[in-house]
Amino acid sequence: MVQCLHIRIATWKVWFLPFLCVSSTDFRSDCPTNWFGPNCQFKCHCNNGCSLTGECTTDGVCEGGYFGYLCQYRDLAKELDQTAPELTDNEDTTCLNDNPQSVSMQMLPGPFSFFRVVVNKARAEAVDLITFELLNFNTKVTCEDGSYSYKTELFIKYFYCMTATSVTHLVLSGNGVPYLCTVNIGGGRNLALKGAFKYSSIFEEGINVAGGVDGEYPRNGIFENSMCFQANMSQEYSFYQVNFQVPVLIDYFLLINRPEPLFLMRMKNFELISIDDMNQTLMRFVEDDPAFSNSIVYKVAHTSNQIPLLSFRVQKHRLNLMDVLQFCEVEAYGDCPEVMVGLDCADLCNFKCVDQRCETSGRCVQCHAGFYGEHCDLECLHCASRNCTRREGYCIDGCLQGYLDNNCTTACYHCMEELCDQRSLTCRRGCKEGVAAIGCTAAASMSAKTDESSSSSFYIVIPLFLIIAVAALLALLWKKKTSPITALE
Ligand SMILES: *[C@@H]1O[C@H](CO)[C@@H](O)[C@H](O)[C@H]1NC(C)=O
Ligand SMILES: *[C@@H]1O[C@H](CO)[C@@H](O)[C@H](O)[C@H]1NC(C)=O
Ligand SMILES: *[C@@H]1O[C@H](CO)[C@@H](O)[C@H](O)[C@H]1NC(C)=O
Ligand SMILES: *[C@@H]1O[C@H](CO)[C@@H](O)[C@H](O)[C@H]1NC(C)=O
């Protein structure tokens, strides 16, 4: 974890705070199995368990149906039959074995946000030869402004393309297609999980009100007070409201009904309302489609998926005594709004990243020229063309005159005209007079110059600045005092 000043954002409008740094959240060590995070609020979706900070401990493989940063993203391609099943089998080592020109992937319909491809590790360059198209059945769907892509490994690439309308198919083409091994389609993260909530009332003592957002629902066909919610039957109106800590973007909601087939109809006519940070209603959905009624899982698309919301409410007006609000889980799938990062969307992407665009982890997608490191906060000052490698800060086009080493941090101070050779670490025109005698080597000049530049110049510049400032002030005062007298004379 990075050691740095960590500022929590109270409201997302305080974007301009300087000196922000990403993620050094305290993770707890006493969470129940398969939960992690500062409040044990994140569910582990690794195949073989998570570390305290959510990394997959043994093999780095996510549980089927999840992928991406800490395996938190739902995969919309996973639950459907695909023409190329190798691409969704959760194995990066099983790849396409014929040579198709293109591959069409089905996805659970909805607005598109991103997908991830993994190619054969031995043919990593293929990942850059892949292009894509989105379809809503047979109609082409275009990306909103601001599409981008990045690699997290040489052979793993993410493509971001937000759409306002629904997508059913992702079609991949290009010369890289024959080397594809895995394709995941981003279905967001459940941001309601372990969220804060309010509710109207409860049916009986023993109802665990947190059961609506605890990530658990019964699998044995029986309503369970510990995992499900049911409101008080004597009230005509009932609700369950989830409040996010920061505004988030939600693409769709899943409402998991109580499990007994006979009681599924009790959710008929429920309403789902999304609310923004000004307490304005963004979307009001009313369940009134007979074909949709009695579902075990209701999926409600969020039609305002580009606007951050702060809460949502499931509510119901009772039609008869039995059908007050009752369900076993509400889930809200989406992601952080622009520039916010982290699993809880509470951190700000460093403003040193190009377009202030980060991965969920807080790593910059790309650094501005002259910067390097995970968060682009390190500067490669003395590189020619200010172009350096992302990880180490090695200068790509060599050093500015007077510097050497991979990262051009060593000044060749002792060389004649400060001309030195970056590779052989020698002075091109020999050493300055007087230095040769005591042994002019790159090492000698390195220590000489670094000492001077890092410490002594600092101690010289500051007092010098103060002296000048004081002198200027005195001069000003002097002038003010004297000028009227001068005028009189
Ligand atoms: C349900 O509501 C009735 C009437 O308001 C109240 O008397 C009762 O105590 C409530 N039950 C629970 C479990 O809160
Ligand atoms: C938000 O609006 C609802 C009515 O639409 C109101 O009952 C509630 O008190 C408001 N909440 C806040 C925090 O203003
Ligand atoms: C930096 O170097 C890389 C690799 O040679 C090159 O692709 C890129 O265009 C260079 N960027 C600039 C700003 O010169
Ligand atoms: C520059 O590179 C040298 C050796 O390659 C290394 O010792 C030094 O720590 C690097 N400096 C920075 C600021 O990365």
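This is a predicted model: local features need pLDDT of at least 70, side-chain atom pairs count only at pLDDT 80 or more; totals for chains, interfaces and linings use all residues.
Let me start with a working rule: a residue is near a molecule if its C-beta atom, placed from the backbone, lies within 6 Å of it. With that in hand, ligand 3 is surrounded by A369, S385, N387 and I396.

Now, how does the shell around ligand 1 divide up? It has one nonpolar residue, three polar and two charged. The names to look for on your screens are S201, I202, E204, E205, N232 and S234.

Let's zoom out for a moment. The protein has 28 strands and one helix. Of its 489 residues, 33% are buried. If you take the contacts with a separation of 6 or more, 59% of them link residues 24 or more positions apart.

A general point first: in soluble globular proteins, nonpolar side chains tend to be buried together. Here the largest nonpolar core has 63 residues, and those touching the most other members are V248, I250, F253, F327, V330, A332 and C412. Several strands each supply at least two residues of this core, among them strand 19 (297-301), strand 20 (309-317) and strand 25 (371-372). Which strand gives the most to this core? That is strand 16, with ten residues.

Setting aside neighbours within four places in sequence, V330 is in contact with A192, G212, V213, Y240, V242, F253, L255 and V314. There is also a second, separate core of 27 residues, which includes V119, I130, C161 and V177.

While we are around V248, have a look at E338. These two are 90 residues apart in sequence, yet their C-alpha atoms are 9.4 Å apart in space. E338 sits in the loop between strand 22 (329-335) and strand 23 (340-341).

Next, some strand pairing. As a reminder, strands of a sheet pair through backbone hydrogen bonds, either parallel or antiparallel. Strand 7 (residues 131-136) runs antiparallel to strand 11 (residues 166-173), and five bridges join them. Strand 7 also pairs in the antiparallel sense with strand 8 (residues 139-141), over three bridges. L134 takes part in both pairings: its bridge partner in strand 11 is L170, and its bridge partner in strand 8 is V141.

Last stop: an open sheet of four strands, with antiparallel pairing and the order 9-10-6-12. Strand 9 (148-153) and strand 12 (180-185) each have a single partner strand, so one side of each is left without a neighbour in the sheet. From one strand to the next, the twist averages 20 degrees. Within this sheet, strand 6 (residues 114-119) and strand 10 (residues 156-160) run antiparallel and are joined by five bridges. Look there for F115, which stands opposite F159 in strand 10.

Definitions and conventions
Residues are numbered from 1 along each chain as its sequence is written. Chains are lettered from A and ligands numbered from 1 in the order in which they are written. Ala, Val, Leu, Ile, Met, Phe, Trp, Tyr, Cys and Pro count as nonpolar, Asp, Glu, Lys and Arg as charged, and the others, Gly among them, as polar. A nonpolar core is a set of buried Ala, Val, Leu, Ile, Met, Phe, Trp, Tyr and Cys residues joined through C-beta atoms within 7 Å. A residue is buried if 20 or more other C-beta atoms lie within 10 Å of its own, exposed if 12 or fewer, and partly exposed in between; C-beta atoms are placed from the backbone. Two residues are in contact if their C-beta atoms, placed from the backbone, lie within 7 Å. Two strands pair if DSSP finds at least two bridges between them. Axes are lines fitted to C-alpha atoms, for helices over the stretch in contact, and angles run from 0 to 180 degrees between N-to-C directions.
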